[in-house]
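This briefing summarises selected features of a predicted model. Please consult the sequence and structure shown below alongside the points that follow.

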Amino acid sequence: MQTLDNPNLASTPAAFDTTIHRRKTRPVKVGDITIGGNNPVVVQSMINEDTLDIDASVAAIRRLHEIGCEIVRVTVPSMAHAKALATIKQKLKQTYQNVPLVADVHHNGMKIALEVAKHVDKVRINPGLYVFEKPKGDRTEYSKTEFEEIGDKIKATLEPLVVSLRDQNKAMRIGVNHGSLAERMLFTYGDTPEGMVESALEFIQICQSLDFYNIVISLKASRVPVMLAAYRLMVKRMNELGMDYPLHLGVTEAGDGEYGRIKSTAGIGTLLAQGIGDTIRVSLTESPEKEIPVCYSILQALGLRKTMVEYVACPSCGRTLFNLEDVLHEVREATKHLTGLDIAVMGCIVNGPGEMADADYGYVGKQPGYISLYRGREEIKKVPEDRGVEELINLIKADGRWNDPE
């Protein structure tokens, strides 16, 4: 059969490209993990424990790391907390392993930052709080002179930390938050994504002037549209300025439950799909351990990391020949430890083989009381429904792709 060339398809292949092409960024090492470059998107979270409680903090960091959190953040509100991190780091090495740690420093934190930089792999600072500007209630504007004077003060305060991190070959995250922009940024740019971007650029340029480039940038907001606009504008401005710093993505204060997960996915997933983002944190008002599965689910759904079995399942309809929800649960429980496989569970033959064409294995209701098992597009055998899961496992074993769960 003759097929005609479609000039529209030939001229716009990019419109049909199903591969996510990630933005080219410089690699930034954080302990033994590298953010950016050609490395996988890195998963992060943050412990809730008071850093002065050494044992609780070590246990919390270990719990997160064991379930896949690759970089762990801790808060350091005082000099005592900063010094405690030396003990935490040492105890992790002695009792577990050297987990990459990030310290959060706020509110006039130069002395704290200088101390904590000795003990962690990355220091996160918030440009709106690192040099705190006390608001003036009667202010109507910032003069150019005032703006520059504060900029000079910021550089003088930031320089010792930059030099320390540079000389130790450690990293910094310049973490802008929409809710804590400095007053002069608010007066100059308004409560806008532009203000967030300019705040980050001011700190980046100080770092560059000191020959320091181990920088990761974040521009978080609790409103998804603001977060999206800020990151997109940041990429645009960095491209204009010849910068290639990796980006840490997150929707701050996303909340809890289903909505917190959806909100985080809407923001983080949208940018990742556009190739923007090198490391992520899902911020939930729940235990930190619950953030990690959401991170991996976002990355898996976009094809950026393969950390679990991918299940393809139809939504069920009047044609479905078995209880799809129960069978999917049974298949999942039996196979969920087989990282890297794609398994399809389809209720009928109408769409089954076509919709599951990319799956490694298929479990399809082909006639009442029987299941057809597929390897890719090939039907392998038909078995009674009550033996379907057992025979699926046998097929995977026969292919040498089975391993027993731990």
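**Surroundings of Lys89**

Beyond its neighbours within four places in sequence, Lys89 makes contact with Asn98, Val99, Pro100, Leu101, His119 and Asp121. This residue belongs to helix H3.

- A polar atom of the Lys89 side chain lies 3.0 Å from the backbone oxygen of Val99.

**The sheet and its edge strand E8**

- Eight strands form an open sheet with parallel pairing, in the order E8-E7-E6-E5-E4-E3-E10-E9.
- Strands E8 and E9 (248-249) are the edge strands, each pairing on one side only.
- In strand E8 (residues 215-220), 6 of the 6 residues are buried, so this strand is largely enclosed by the rest of the structure.
- Both faces of E8 are covered: Ile215, Ile217 and Leu219 are buried on one side, and Val216, Ser218 and Lys220 are buried on the other.
- E8 pairs with strand E7 (residues 171-177) in the parallel sense over 6 bridges; within this pairing, Val216 of E8 is the bridge partner of Arg173.
- E7 also pairs with strand E6 (residues 122-125), again in the parallel sense, over 4 bridges; here Ile174 of E7 is the bridge partner of Ile125.

**Helix H2**

- Helix H2 (residues 54-66) comprises 13 residues and spans 18 Å from its first C-alpha to its last, close to the 18 Å expected at 1.5 Å a residue.
- Its buried residues are Ile54, Ser57, Val58, Ala60, Ile61, Leu64 and His65.
- Viewed down the axis of H2, these buried residues fall within an arc of 165°, so they line one face of the helix.
- The elements covering the buried residues of H2 include strands E3 (42-46), E4 (71-75) and E5 (101-105), together with helices H3 (79-95) and H11 (291-301).
- Gly68, which follows H2, has a positive phi, near 115°.

**Confidence of the prediction**

- The protein chain has a mean pLDDT of 89, and 91% of its residues reach 70 or more.
- Residues 1-12 have a pLDDT below 50, and this stretch has 1 contact in the model beyond near neighbours in sequence.
- Where pLDDT is low, the predicted coordinates should not be read in detail.

Methods. Residues numbered from 1 in each chain as written. Predicted model: local features only at pLDDT ≥ 70, side-chain atom pairs only at ≥ 80, totals over all residues. Heavy atoms only, no water. Helix = DSSP H or I, 4+ residues; strand = E, 2+ residues; numbered from the N terminus. Expected span 1.5 Å × (residues − 1). Buried < 20%, exposed > 50% of the residue type's maximum accessible area, 1.4 Å probe, protein only. Arc of directions from axis to C-beta. Contact = heavy atoms within 4.5 Å. pLDDT = per-residue confidence, 0-100. Polar contact = N/O pair within 3.5 Å; in protein donor to acceptor, adjacent residues only side chain to side chain. Pairing = 2+ DSSP bridges.
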